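Open your viewer and get ready to click through a few selections. We will go one stop at a time.

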Amino acid sequence: MNERYDEVIRLLSERGVSRDDIARCIIFLQKRYDENISHAKCLEVTDKVLNDPDIQNAIIISLELDRLAEKDILESRYIKEAMMKDDGLFGVDELIGLGMAFNYGPIAITNFGYIDKVKPDIIGKLNAPEDGTCNTFIDDVVGALAACGASLLAHE
Ligand code: MG
């Protein structure tokens, strides 16, 4: 585990997301292919994905953007408003998630689209934030992390 791994774990946990939450989303994606899939195995691939420097950068910038929108220090009113109401036509959050999934191949890409639609577990909770909280980017980040982890499992 590298230094940025610890940073990423800390940032995610500040936003209410744990490794266990990501592992549960991987189980959601993979259980139809392996009904005996273990939580421990899903945690293992979660950590592999969370150690990828490209993924780490995507997480850090995404969570930073959510925080900046909440603090109301984004210069663009358009971006601030789109982010605070999680405008479905904004789409940059999904593009970052897709970008993360692209590095992990077609299984990750299709799983990202699927989990973004179904929004299981933590993703559903993130998608309905309290007033004043901006979760525009983090829900896609978590969906992408699960999709990438599911792809690693599928290829094992
Ligand atoms: Mg989003």
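**Before you start.** This is a predicted model, in which local features need pLDDT of at least 70 and side-chain atom pairs count only at pLDDT 80 or more, while totals for chains, interfaces and linings use all residues. Residues are numbered from 1 along each chain as its sequence is written, and side-chain values use heavy atoms, with hydrogens and water left out.

**Stop 1: the magnesium ion.** Select the magnesium ion, then show Asp93 (OD), Thr136 (O), Asp139 (OD) and Asp140 (OD), its protein donors, at 2.1 to 2.5 Å from it. Donors here are N, O and S atoms within 2.8 Å of the metal (3.2 Å for Na, K and Ca); water is not among the atoms, so sites may look incomplete. Along the sequence, the donor residues follow the spacing D-x42-T-x2-D-D. Asp93 sits in helix α6 (residues 92-102) and Asp140 in helix α9 (residues 138-154), so this pair ties together parts that are 47 residues apart in sequence. Helices are DSSP runs (H or I, at least four residues), numbered from the N terminus. Is Asp93 buried or exposed? Its relative accessibility is 2%, so Asp93 counts as buried; Asp140, at 1%, is buried too. Buried means under 20% relative accessible area, with a 1.4 Å probe and protein chains only.

**Stop 2: the nonpolar cores.** Now select Leu12, Ile59 and Leu145, the residues with the most contacts inside the largest nonpolar core, which has 41 residues. Such a core is a set of buried Ala, Val, Leu, Ile, Met, Phe, Trp, Tyr and Cys residues joined through side-chain atoms within 4.5 Å. Which helix gives the largest share of this core? It is α9, with ten residues. A second, separate core has seven residues, including Leu74, Phe90, Cys134 and Phe137.

Next, center on Ile59: leaving out residues up to four places away in sequence, Ile59 touches Val8, Leu12, Leu50, Met100, Val141 and Leu145. Contact means heavy atoms within 4.5 Å.

**Stop 3: helix α3.** Highlight the buried residues of α3: Cys42, Leu43, Val45, Thr46, Asp47, Val49 and Leu50. Among the elements covering them are α1, α2, α4 and α9.

**Stop 4: Gln30.** Finally, select Gln30 in helix α2 (residues 19-30). At 7% relative accessibility, Gln30 counts as buried. Beyond residues up to four places away in sequence, Gln30 touches Ile37, Asn111, Ala150, Leu153 and Ala154.

Conventions. Helix = DSSP H or I, 4+ residues; strand = E, 2+ residues; numbered from the N terminus. Buried < 20%, exposed > 50% of the residue type's maximum accessible area, 1.4 Å probe, protein only.
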